[in-house]
Amino acid sequence: MVNSWNPVRGGWAHELSGPTDPATDSGWTEHEARRGFFTDTSICIGCKACEVACKEWNRNPRDGDLELTGWSYDNTQGLGASTWRHVAFIEQDAARVEQARESGRRLVDLGMPRIGAPTADAPVDRTPPDTAEFRWLMASDVCKHCTHAGCLDVCPTGALFRTEFGSVVVQPDVCNGCGTCVAGCPFGVIERRSDGTAAPTTREGERKGEQPKVPRRGVAQKCTLCYDRLVDGQTPACAKTCPTTSIKFGEHAELVAAARDRVRELHEQGMPEARLYGANELDGVGGTGSVFLLLDEPEVYGLPPDPRVPTADLQVMFRRAGFAAAGMVAAAVVAFVGGGR
Amino acid sequence: MGRLSTLQWPVVRQLRTGDRTGRGVAATSPTTRDLQPRTTTADRVVQSVCPYCAVGCGQQVYVKDEKVVQIEGDPDSPISRGRLCPKGSASEQLVNAPGRQYEVLYRKPRGTQWERLDRDSAIEMIAQRFVQSRRNRWQERDDEGRILRRTMGIASLGGATLDNEENYLIKKLFTAAGAIQIENQARI
Amino acid sequence: MANADCIVLQGGNMAEAHPVGFQWVAEAKARGAKVIHVDPRFTRTSAVADKHIAIRVGSDVALLGALINHVLTHDLWFRDYVLAYTNAARLVSADFRDTEDLGGLFSGFDPETGTYDNTTWAYDEGSDDTLQDPRTVFQILKRHYARYTPELVQQVCGISEADFIYLADAVTGNSGRERTTCWAYATGWTQHTFGAQFIRTAAVLQLLLGNVGRPGSGIMALRGHASIQGSTDIPTLFNLFPGYLPMPVAGRHDTLDAYLAAVGNTQQKGFWANADTYFVSLMKAYFGDAATAENDWYFDRLPRLTGPHSTYETAMAMIDDQVEGYFVLGQNPAVGSANGKLQREAMRHLKWLVVRDLSLIESATWWQDSPEVLSGEVRTEDIETEVFFLPAATHVEKAGSFTQTQRLLQWRHQAVQPPGECQSELDFFLELGQRIRSLVADSGDERDRPLLDMTWDYPDDETGNPDPQAVLREINGYRTGEHGQRELVSGFGELKADGSTSSGCWIYAGVFAGDENKAARRVPGGGAGVSQSQWGWAWPADRRILYNRASADPDGKPWSDRKKYIWWDEEQQRWVGDDVPDFPVDRAPHSRPDPALGGPAALGGDDPFIMQSDGKGWLFAPSGLVDGPLPTHFEPQESPVRNLLYPQQQSPARVIYPREDNLDAPSAGEQGADVFPFVFTTYRLTEHHTAGGMSRWLPYLSELQPEMFCEVSPQLAAERGLVNEGWATIVSPRAVIEAKVLVTERMTPLTIDGRTVHQIGLPYHWGVGNEALVTGDAANDLIGVTLDPNVLIQESKVGSCDIVAGRRPRGAAAEALLASYNERAGVTVQTDNQRITDPPAELHDPAPGDDRDQEGWTRW
Amino acid sequence: MVPEVEFTSYYGRAIVKPPPWGDLIASYLFLGGVAGGSGLLAFGAQLTGRKLLCRNARLGAIAAVSIGGAALVADLGRPDRFYNMLRTIKPTSPMSIGSWILTAYSGGMGVAAVSEIDRLTRNRLPLGPFRGLLSFAEPVGGAVAAAFGPPLAAYTAVLLSDTANPTWNAAHRDLPFVFVSSASLAASGLAMVTTPTRETRPARVLAVIGVAGDLIGTRWMERRMDPVAAEPLHQGRPGTLLRWSERLAAAGGFGALLLGGHRLPAALAGIALLGASACTRFGILEAGINSAKDPRYTIEPQRRRLEERRAAGITDDSITTVG
């Protein structure tokens, strides 16, 4: 059941899927180089400074109900309306580590494309490394700022827009909280903010540990790639604070090149499990603005293994809807014309 | 709302700009177009040092209308190069913490509740108790007649989160008072 | 650290406790340095290290001792460095007896007082550069560690031989002329009954490998509070004056001469010989004109110590109603100090308590909501203590300097005014001092003289707050200029003992040289130089690496090009390089001044350790440590394992407090040891700060680690029916607490001496109360008070406990549970508090030729 | 419930998020369908002179679209900003297109309905000079509503499918047919309830066609979906709802076909049809919500299609790459 994968080119098809320059597609005739993140999870120390710095800058409310989740050191669980950076913690035994390595070797064997300068002469050293008895993966997740962003495409109000930096941003003053974007995101990033999780801790007769009033309640919220900092040439808060440079910010093209170098380096160090996520412009979302270096399959980190922007099939859907509507008219005609009195 | 003229209606902007699908330029709101970071609009930036651990990361404190609006790492610091850990990153919240206490409180002996006390009275009361307890527990000499010249009536704990200048004054005052029982986190 | 070729992180969890400092480790690793983490737990540091080696908590001396033995027996030590810069060749008194001879004791131990007389540890005249004489430090060292073998490490620490060899190869392979290895530790080493010896063991190893005073070398202490270094330099500590001058002790320092002779006699080498100038200048700073030559610079009026007056002694004195008033300044002893129950009981005995903090911490509210009040053990209405809570200013609401972990002073500028009634400690204590002075102004009481004599006149700055720079100037010190005017001194070399200079802390002299606040220097990146010296100011004299003379060989040339740092420039006849030389700048490499000169003038051209009395690095410490000249493996106060090396179980000189409110679990071999079969260790998380005063009130940090938990291995979980996310009750002889459970393979059961030892991890950030955003039982309640005799730090890194599934009982039932445990274990105040474990096997001096094995105590 | 299958996830946490849509949106889907179908019926009646059917369909339509629109606004996070729905015309956003469709439809139907009400109240509506205009506008309004009725019924299918929701998206080819069928049978059902049988024969025919389309369309849709993604349609409350939808549709369809000439049975059949449509909308909406709560529905179909492409030699389009 293979999908009709490569959409027909031409017209505005490139604006729905496949390689493109998203800022140009959105009417930015002159625009900045596309910016993004490269999150190298192999050097993440799981300190969560990114989570805090993000909340500080964006004044996002505290999340969750202040209970231990039992998910290793992860107590924020995932990206959402108020948590725009999230650090995942995964504990793996030797068997899982070997599986991850095996899946990495398989990727190499598949002859995955190496876009860019061919380095075919330097074969990857794939001498089997010592399998660690145990490892603890940490990875800071964030909005992918897709080349083809489902959330942005389906937004009816124009609250979500493509910036001159190629990023995808919600305008909280415009959004009316319809929630369509939540369903539109293949990565489960964007969410409508409710006040449920930001409730103050109250005690008899007094309010303690109260938070500032929940800002931007009822509207969709997600990472803005710190658009409000970018316009003044500043670095996003998470990347600026990251102690080990696991989160890198910069021009997308340069980051992707650096990411490829890093994977090569790790392979040479005997870590075949290293792989990139989002660096392929031919993938289902046209590549992502936020690129990740992972050490296992994406779903291990809570990332979809083969995301596809829903609007890639928009033409099919509208066509089918058109047929259906026409069928409805036809049925009505039959009912009245053929029905007699 | 003056700019809500028909020409600014995004549908019209979709036609006027190249943004046919309304996903970029045409969709921006006036607020978005005027966006400026509060690090830029701050009245001043003050260089500081993170108050948590002993690495001593540099901080930049952004002040607007005499309120701290943002604290970030200081990229100039050769120690931290602009980076902060989660605690350092939360420094602004430490300063503007929802549970922070701004008033002097007093609990009298056997009291079940806090009471308000103005600061001057509180310090005067503490000074009186200091003097009294110092005398009550004064030790001039030990059993063998050696000079002690100290009081065992007053103790202090703390200092590792304080400034050198503050620790200096505390130690000086306590030494002059003969109060030797003074300790801090270095030993905990 | 970034220059190291191999970094061993041991007794610390750098990535979690110092994430931003860890960037330098990450950078070194990216450049190819090997990073090894030795720790009981697999932590976030282990996750990004090249290798994690799980070790039984508290057994580090055995591991490091075995590395020393490995280096010595395989001839891997750095001969040129060791010969030139250490005391390896010195002869030690013929009367010296090693722990090998006395079953775990050194010569000079008095079982009655639990202290050593160190006269037999002293040097003899002479030295042997061939290192063959059995009385040389080198040979003593060899003998001392001969039984510290890889097999022993496996038995004691639970580290496999393969892992030991990996570590040994990594360290020795990255030491020598071309390469350096760096060690970093934190409270995993200090919080033990012989914690100072943990650090000493690493120092001995690093000296043998030539890893001191050179780029990418050394032993780095990673400290936990913004100015914990500063609060030791300018101490809020009972036993020290600023600049590590000791407080006078009755009986030992009854006269100024006796005091100065003890601190540093003018005959010895190095900078301590000038202690008189430091002390007199301090007294001039404290008491101004009232300190005169006639009154011995005020020495006679200073208070005297009569023993340890540490925070734990003080708490016990409070329980005995000896202490009336207590200031708690930015600390939270109700949660953060060992044996929390004892701490809270102590506060209940106070007449008055002043808590200065940002929010209503547990140490301020215990009379309302402490575990004892909640359980009904005590009633709020019965507590007599008067409590003052005064809101403090945050770091941005006051100016001042912090001294960070590498001795760097950094100035904080004030950003805003303190809100409401908040005020800085400077403001508060200045005002308190003024009020105290006016209360006693007319008393005519001689005892009040020092309060009135001290200089206490500080101007306000432009913000209307007391000017901290005025205080820093006083700390820096003044001299009397040519025309009688006061001038700031530019370094401690200018200090004099004749009363013409003052300095509030001699090691900080120079921070305000030329009326420039050098702590406030902020040239981006610290300037162009390698030492980044244009950022802040490092004591002493702005040196960034201590003892950096050792970065050059005895001839003054760099050991290698790669590790070049400070070297002798023949043309200029000066030490030059990337840092301020930590050495007399014009002392030629081979100069041999007359030792009789004393002080810095007596330092030879190859005496890099300028603060030591002989200018050398000490492999063997003839003085300075009260519990032995050589680090020796002992078991912690409480341990389910016997000491496999010596009959002596615990460090004999540890400070013990046999009290009903400070009971210990029976150690291995004693009746009832199986009642508390597990080892627990306590630690911090990245997301919180110590006792939580600065983190549990913050929503952004609280949500990241919202609840108290314990970490257990899947094996222990299975054994005790613990489930992930469920509850567990943990019992020690001091307390019973509850915590959520994290079952994780990061905790590994270790095989020690043929049996499984389970370790339980407990973060200690939470406390019981109503005010914080997140609360929970305090791990510190489980910990007993037993101290290291050198530094009086408690052993909070290790203890014995039991763990069972489910929540703890409430109210009186909790006390009953505790009592039943202690009864079953037969715990008494004597448990673990015997000085000598096995008197017949220790104490007596075996005649030469005795077969030790027949003594029956070499157990392995 | 979901059988245990070997797959990896992050502590069982879902990957995609369900939209914050509940019963209000399901009601809108249902009412929008009723309105869309009624627009057609009213226009047919308008053209064929079935005055009662025309009036009742128009009034039913305006009621449905008003309540549905209100539900839509009430479900917004910021209802005060509902007007921003007309801020842009975004061809990529079914919600945007749908908003314009809804607006156009409501305008047309509004005019037509006002005329009906004015007639019912014997010209008592305060229309003033506009009453004259209304006689011209009424037929045009009816035509406009009819033109936008089918799109109104169909676009909601695209709205659901054009998402990353595993179940809705997997149904993207065929859901429009199910929705227009459901709309047709529901509108017909309403007419059978409100209107005497003498004028409802076209409605009954349309109902039968709608039922056929609904039953066949649903089965066809499920057959073309990824089997895992289709699972939520059969499980739990949505499974029950959709089973009842089938039963009610069949019953209503037979009722319309066999007993549609009798007032009471026809009305009962109409109620069954309305119920069937409501069950369809609530069931499909809820099934999709459920599919977003379990990572399995996201991961397994994606893994499968990725492996299939790789097996087919297509290796250049994966989001995971080695360089």
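What percentage of the residues in chain A is buried?

Mentor: This is a predicted model, so keep that in mind throughout. In chain A, 62% of the 341 residues are buried. The chain holds nine helices and twelve strands. Take its contacts with a separation of 6 or more. Of these, 72% are between residues 24 or more positions apart.

Strand β7 (residues 147-157) of chain B runs parallel to strand β10 (residues 325-329) of chain C, and four bridges join them. Look at L157(B): it stands opposite V328(C) in β10(C). As background, strands of a sheet pair through backbone hydrogen bonds, either parallel or antiparallel.

Stay in chain C for an antiparallel case. Three strands form an open sheet there, in the order β16-β15-β17, with antiparallel pairing. β16 (486-488) and β17 (501-502) of chain C stand at the edges, each with a single partner strand, so each has one side without a neighbour in the sheet. Strand β15 (residues 478-480) of chain C is joined to β17(C) by two bridges. One residue pair to find is Y478(C) with its bridge partner S502(C) in β17(C).

Next come the helices of chain C. Helix α7 (residues 150-157) of chain C is mostly covered, with seven of its eight residues buried. The buried ones are P150(C), L152(C), V153(C), Q154(C), Q155(C), V156(C) and C157(C). Two glutamines, Q154(C) and Q155(C), are in that list. What do the buried residues of α7(C) pack against? Their partners are α4 (60-73), α8 (161-173) and β25 (750-752) of chain C.

Helix α14 (residues 311-319) and helix α16 (residues 340-348) of chain C pack at an angle of about 50°, and their axes are 7 Å apart. α14(C) and α16(C) are therefore oblique to each other. The crossing of α14(C) past α16(C) is left-handed. From α14(C), the contact uses A315(C), M318(C) and I319(C). They meet L342(C), Q343(C), E345(C) and A346(C) in α16(C). By class, this contact has five nonpolar residues, one polar and one charged.

Finally, chain D. Chain D does not touch chain C, and the nearest C-alpha atoms of the two are 13 Å apart. In one, helix α1 (residues 23-48) and helix α10 (residues 263-291) of chain D have axes that come within 9 Å and cross at roughly 140°. α1(D) and α10(D) are therefore oblique to each other. α1(D) passes α10(D) in a right-handed crossing. α1(D) brings I25(D), A26(D), L29(D), F30(D) and G33(D) to the contact. α10(D) brings S277(D), A278(D), R281(D), F282(D) and L285(D). The classes are seven nonpolar, two polar and one charged.

In the other, helix α2 (residues 51-74) and helix α3 (residues 94-120) of chain D have axes that come within 9 Å and cross at roughly 135°. α2(D) and α3(D) are therefore oblique to each other too. Their crossing is left-handed. On α2(D), the residues include R55(D), R58(D), L59(D) and I62(D). They face a set in α3(D) that includes L102(D), Y105(D), M109(D) and E116(D). By class, the contact of α2(D) with α3(D) has nine nonpolar, three polar and three charged residues.

Terms used: Residues numbered from 1 in each chain as written. Chains lettered and ligands numbered in written order. Predicted model: local features only at pLDDT ≥ 70, side-chain atom pairs only at ≥ 80, totals over all residues. Pairing = 2+ DSSP bridges. Axes fitted to C-alpha atoms, helices over the stretch in contact; angles between N-to-C directions. Parallel < 35°, antiparallel > 145°, perpendicular 65-115°, else oblique. Left-handed = near helix turned anticlockwise from the far one by under 90°. Contact = placed C-beta atoms within 7 Å. Nonpolar A, V, L, I, M, F, W, Y, C, P; charged D, E, K, R; others polar. Buried ≥ 20, exposed ≤ 12 C-beta atoms within 10 Å, placed from the backbone.
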